[in-house]
Amino acid sequence: MPSTKQYGTAGPANEAIGGIPTIHYVDFASRGRGQVVRLMWEDAGIAYTDIRYSFEEYPEYKETTIAEKNPTTNVPIVEINGKILTQSYAILRHFARQLGKYDGETEEEKYWADAMCDIAVDWRTQFVTAFFNPNKEETYPKHQQTERKRFLKAFETHLTRHELSLQGPYVVGKMFTYADMVIYQVLHDENLTQDGMKGLQEYPRLKQLADAVESRPNVKAFLESDRYLG
């Protein structure tokens with residue numbers, strides 16, 4: 001049976017989004033696209049229900065429970081007030097708009113957050129392809145030395161050159177957006193934020209961003225809690 005746990009106490013942020021959401025996701029610990037959604041909820045102080053499917057049971061539920069909720073059978077899936085939300089990055093933007101934050105204020109800020117998110121999505125696609133390849137022993141080390149370095153350099157360059165990113169630790173300067181969470185999560189999942197950010201020593205601007213994310217009070221509390229599974 002899937003694991004079901006409830007976290008937090010409903011407050012103003014839950015009122016803003018219309019209730020207590022439920023997320024369905026494979027049990028990747030605190031990793032993957034679904035984790036970015038949880039990270040936003042944690043930062044915003046949103047109470048939520050977390051349903052996790054083990055790798056062994058997921059194929060069965062994918063053809064039944066998941067397929068009934070999403071015809072593409074992709075996860076994460078979020079349920080709230082009888083509505084079903086799919087596509088992780090659309091989910092993030094949806095909640096950002098409802099909360100009135102995490103999305104930038106001007107059109108330029110919104111564009112830059114979206115653009116940087118899209119780069120991280122491209123990186124995650126390359127990462128997942130290499131990491132879950134049947135020949136992982138060959139494909140993932142190659143990815144680490146090629147595509148991963150290319151994306152790290154690209155992010156470092158953007159963050160040190162773009163007018164908005166120069167104004168603070170985040171993608172949009174001093175404003176924390178969903179793009180910061182998306183970038184942070186792929187850094188985390190590539191094991192670059194662990195061991196004192198050792199994997200980011202050659203990329204000081206990216207390290208600054210990751211440090212800023214982890215220093216946010218609610219994120220810090222989450223990372224130090226038993227809800228964080230590594």
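K207 is partly exposed in the predicted model, with a relative accessibility of 23%. Its side chain meets that of D211 in a salt bridge with an N to O distance of 2.8 Å. D211 is likewise assigned to the partly exposed class, at a relative accessible area of 27%. Both residues belong to helix α10 (residues 204-215), where they are four residues apart, about one turn of the helix. In an α-helix, residues three or four places apart point the same way, because there are 3.6 residues a turn.

In total, the structure holds twelve salt bridges. One of them joins the side chains of D27 and R52, at 3.0 Å from N to O. D27 is located in the loop between β2 and α2 and R52 in strand β3 (residues 48-53), so this pair ties together parts that are 25 residues apart in sequence. The accessibility of D27 is 33%, which is partly exposed, whereas R52 is buried at 8%. D27 and R52 also take part in a network of salt bridges that includes R38 and D50. A further salt bridge links E224 and K220, whose closest N and O atoms are 2.8 Å apart. E224 is exposed, with a relative accessibility of 58%, while K220 is partly exposed at 40%.

Twelve of the twelve residues of α8 are buried, among them the charged residue D180. No salt bridge is formed by D180, and the nearest side chain of opposite charge, that of R205, is 6.8 Å away. A polar atom of the D180 side chain does lie 2.9 Å from the backbone nitrogen of T177. Beyond residues up to four places away in sequence, D180 touches Y170, V171, M175, L209 and V213.

Several backbone features were also identified. N191, which follows α8, has a positive phi near 60°. A29, in the loop between β2 (22-26) and α2 (33-44), has a phi near 60°, a positive value in a residue other than glycine. Y102, also not a glycine, has a positive phi of about 75°. Y102 is situated in the loop between α4 (88-99) and α5 (107-131) and is buried, with a relative accessible area of 3%. A cis peptide bond connects V75 to P76, with omega about 10°; P76 is part of the loop between α3 (58-69) and β4 (77-80).

Technical notes. Residues are numbered from 1 along each chain as its sequence is written. This is a predicted model: local features need pLDDT of at least 70, side-chain atom pairs count only at pLDDT 80 or more; totals for chains, interfaces and linings use all residues. Side-chain values use heavy atoms; hydrogens and water are left out. Helices (H or I, at least four residues) and strands (E, at least two) are DSSP runs, numbered from the N terminus. Buried means under 20% relative accessible area, exposed over 50%, partly exposed in between (1.4 Å probe, protein chains only). A salt bridge is a side-chain nitrogen of Lys or Arg within 4 Å of a carboxyl oxygen of Asp or Glu. A polar contact is a pair of N or O atoms within 3.5 Å; within protein, one must be able to donate a hydrogen and the other to accept it, and residues adjacent in sequence count only if both atoms are side-chain atoms. Contact means heavy atoms within 4.5 Å.
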